[in-house]
Amino acid sequence: MWVFEAEQHAYDIGGVMVGGQPGEFPTALCASIFYMGDKLILNEEAGEFDKDKAYEVVQAMRDECAKAGVPLIIDMIGGSTAAMANYVEWIEPTGLPYFIDGTTPAVRMAGARKTVELGIGDRCLFNSIGPETKQKEIDEVRELGLKTCIVMTHNSKVPTFQGKFDIADECLEKADKAGFTQFIFDTAVLDLVEPGPCSKTTYLLKDKYGYPSGCSPTHMVMDRWAWGSKKFGKLGYTCTKTSLATSTIMMGADYFMYGIKQLEIVPAMAMVDSVIAYTQRQQKIRSTLKVTPLSQLMKQEW
């Protein structure tokens, strides 16, 4: 198991630690909600959604994560300014950290402004700053004083792990100019097989910069591998998604995104984290947390 050369940064985001050497802190599950096609959405343009049902979905995932010692962050995907502002208001009472994952600069800014208005910026991850971020958005978000942002290493000209790695300095410079002080890389999965190169990018980035890194490893499965369930059945399809996601942890990912209604990911990622944590003890790296996947999954209480 890896021990990265660079000093590793770890951030406390609303009570969830993200980053560090493998085994130091559990991999964070960023559970995606309000994605395209999510039946919780009633009228996205108007910002209308089933709030009570959404709370139930979050609680179900929260309970599952608690059993396995998996830290939970909510990835809120907004398609309109009204929706994103309403999502931030909705998440506020839960106390959970969350992504402002907006489809446009205007949507992201709506979520960022509502975050500042509610005084919950310490729980927020602004998603994202990347090579295509315009100066207008940089200037606007800088005025808000948010701390943590996702740094997106999407290289449309050279879509390889080396290409993603090579634009990191440019992306970090933009994030710094936007006033952020806590940087978390997203290595930009855009195809079914890209969790491989993106995981390699994570390794390179953590080894050089020490900032947390991860990705969204399975969101392309529904679009690019829809025939998988017909060929291998529902169980085979589900196992494929979980293995694809957990494979990124073995390369040092500090987080990944996964659908909030798919509870099967929790024990799967927790077991991989446990294996890593146990291995790292033999390299003198131990978690300072009392509750971890290793402590939860290895208890003989059932």
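**Cavity and helix contacts**

The largest cavity has a volume of about 110 Å³, a volume being the space filled by probe spheres set on the grid points, which are joined across faces, edges and corners. This is a predicted model, in which local features need pLDDT of at least 70, side-chain atom pairs count only at pLDDT 80 or more, and totals for chains, interfaces and linings use all residues. Residues are numbered from 1 along each chain as its sequence is written, and side-chain values use heavy atoms, without hydrogens and water.

Reader: Which residues lie nearest the centre of the largest cavity?

Author: A cavity is a set of points, on a 1 Å grid over the protein atoms alone, where a 1.4 Å probe fits but cannot get out; lining residues have an atom within 4 Å of a point. The lining of the largest cavity holds 14 residues, and those nearest its centre are Pro22, Gly23, Phe25, Thr27 and Ala253.

Reader: What is the orientation of H2 to H3?

Author: Helices are DSSP runs of H or I with at least four residues, numbered from the N terminus. The axes (lines fitted to C-alpha atoms over the stretch in contact, with angles from 0 to 180 degrees between N-to-C directions) of H2 (residues 81-91) and H3 (residues 105-118) come within 8 Å and cross at roughly 30 degrees. Angles under 35 degrees count as roughly parallel, so H2 to H3 is roughly parallel.

Reader: Which residues of H10 does H9 meet?

Author: The axes of H9 (residues 228-247) and H10 (residues 265-281) come within 10 Å and cross at roughly 35 degrees. Contact means heavy atoms within 4.5 Å. From H9, Thr242, Ala245 and Thr246 meet, in H10, Ile265, Ala268, Met269 and Val272.

Technical notes
Helices (H or I, at least four residues) and strands (E, at least two) are DSSP runs, numbered from the N terminus. Angles under 35 degrees count as roughly parallel, over 145 as roughly antiparallel, 65 to 115 as roughly perpendicular and the rest as oblique. On a 1 Å grid over the protein atoms alone, a cavity is a set of points where a 1.4 Å probe fits but cannot get out, and a pocket is an open set with protein on both sides within 12 Å along at least five of seven lines; lining residues have an atom within 4 Å of a point.
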